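Subject: Structure for you to look at

Hello,

Here is the structure I said I would pass on. Please open it beside this email and follow along; my notes come after it.

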Amino acid sequence: LLIKTCHRRGAFAMGGMAAFIPSKDARRNEWVLNKVRTDKELEAKNGHDGTWIAHPGLADTVLEVFDKVLGNRSNQLEVLREEDAGITAEQLLEPCSGERTEEGMRANIRVAVQYIEAWISGNGCVPIYGLMEDAATAEISRTSIWQWIHHGKTLSDGQLVTKPMFRRMLNEEMLVIQQELGEQRFSAGRFTQAAALMEKITTQDELIDFLTLPGYQLLA
């Protein structure tokens with residue numbers, strides 16, 4: 001749909017962000033590059049004109065993929081995707097399917113807290129668990145949990161997602177973050193303030209538009 005919409009208007013269609021970060025571990029780095037290569041091959045073959053990467057270490061791999069597909073062309077505006085089945089507004093607005101797991105909820109908490117801590121410390125682009133994260137990741141993480149609480153959703157194991165459950169998990173995952181980063185980094189950071197902001201915006205009755213709005217009050 002993106003390619004069809006953009007090319008019909010003569011606009012370039014950009015592929016999605018490759019958020020992976022190259023690794024110093026050879027086996028891990030090979031996995032990262034293969035993963036990125038596979039994703040970008042699909043984008044190029046589908047008709048995208050270019051794409052995004054989060055780290056310059058991925059540039060050579062991605063350029064090779066697009067150069068192979070585009071050849072001497074600078075874009076693929078001639079690819080109109082007119083044979084594609086139509087997509088309705090109702091389909092775009094359908095809730096996502098899939099499991100809501102405790103593991104996923106805990107991961108959302110850890111990622112959001114670490115990103116918020118970096119953001120209020122003046123860093124808006126942060127490597128977390130091998131991915132380059134920005135505010136969008138934290139927004140998705142905290143908003144997902146807010147929605148689960150607000151709409152009375154359950155996890156895949158039957159646990160009802162509530163404010164007390166979230167607060168308990170937040171406290172537990174703060175200990176995990178402390179263990180992962182080490183006492184020195186944790187104590188020198190602003191994780192307590194980040195967790196307090198995460199707790200506030202995730203449990204309040206009205207969903208705040210952007211976590212950065214209250215975050216501005218905490219900027220170092």
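A residue is called buried when its relative accessible area is under 20%, exposed when that area is over 50%, and partly exposed in between. Keep in mind that this is a predicted model.

Salt bridges

The count of salt bridges comes to twelve.

One joins Arg 73 to Glu 78, with the closest N and O atoms 2.2 Å apart. Glu 78 has a relative accessible area of 48%, so the residue is partly exposed. Arg 73 is partly exposed too, because its value is 34%.

Another pair is Glu 139 and Arg 142, whose closest N and O atoms are 2.6 Å apart. Both residues belong to helix H6, which covers residues 135–150, and they sit three residues apart, about one turn of the helix. Are they buried or exposed? Glu 139 has 13% relative accessibility and therefore counts as buried. Arg 142 is also buried, with a relative accessible area of 1%.

Arg 167 and Glu 199 form a salt bridge as well, and here the closest N and O atoms are 2.6 Å apart. This pair connects distant parts of the chain: Arg 167 is in helix H7 (residues 163–181) and Glu 199 is in helix H9 (residues 191–203), 32 residues apart. Arg 167 counts as partly exposed at 35% relative accessibility, and Glu 199 is partly exposed at 22%.

Some salt bridges share partners, and these join Glu 102, Arg 106, Arg 110, Arg 168, Glu 172 and Glu 173 into one network.

Nonpolar cores

In soluble globular proteins, nonpolar side chains tend to be buried together. In this model, the largest nonpolar core has 32 residues. Which residues have the most contacts inside this core? They are Met 105, Ile 109, Val 113, Phe 166, Leu 170 and Met 198. At least two residues of the core come from each of helix H5 (102–120), strand E3 (126–128), H6, H7 and H9. H5 gives the most, with ten residues.

Leaving aside neighbours within four places in sequence, Met 105 is in contact with Ile 145, Trp 148, Leu 155, Val 161, Met 165, Phe 166 and Met 169.

Another core lies apart from the largest one. This other core has eleven residues, including Ala 18, Leu 33, Ala 44 and Leu 70.

Regards

Terms used. Residues numbered from 1 in each chain as written. Predicted model: local features only at pLDDT ≥ 70, side-chain atom pairs only at ≥ 80, totals over all residues. Heavy atoms only, no water. Salt bridge = Lys/Arg side-chain N within 4 Å of Asp/Glu carboxyl O. Buried < 20%, exposed > 50% of the residue type's maximum accessible area, 1.4 Å probe, protein only. Helix = DSSP H or I, 4+ residues; strand = E, 2+ residues; numbered from the N terminus. Core = buried A, V, L, I, M, F, W, Y, C linked by side-chain atoms within 4.5 Å. Contact = heavy atoms within 4.5 Å.
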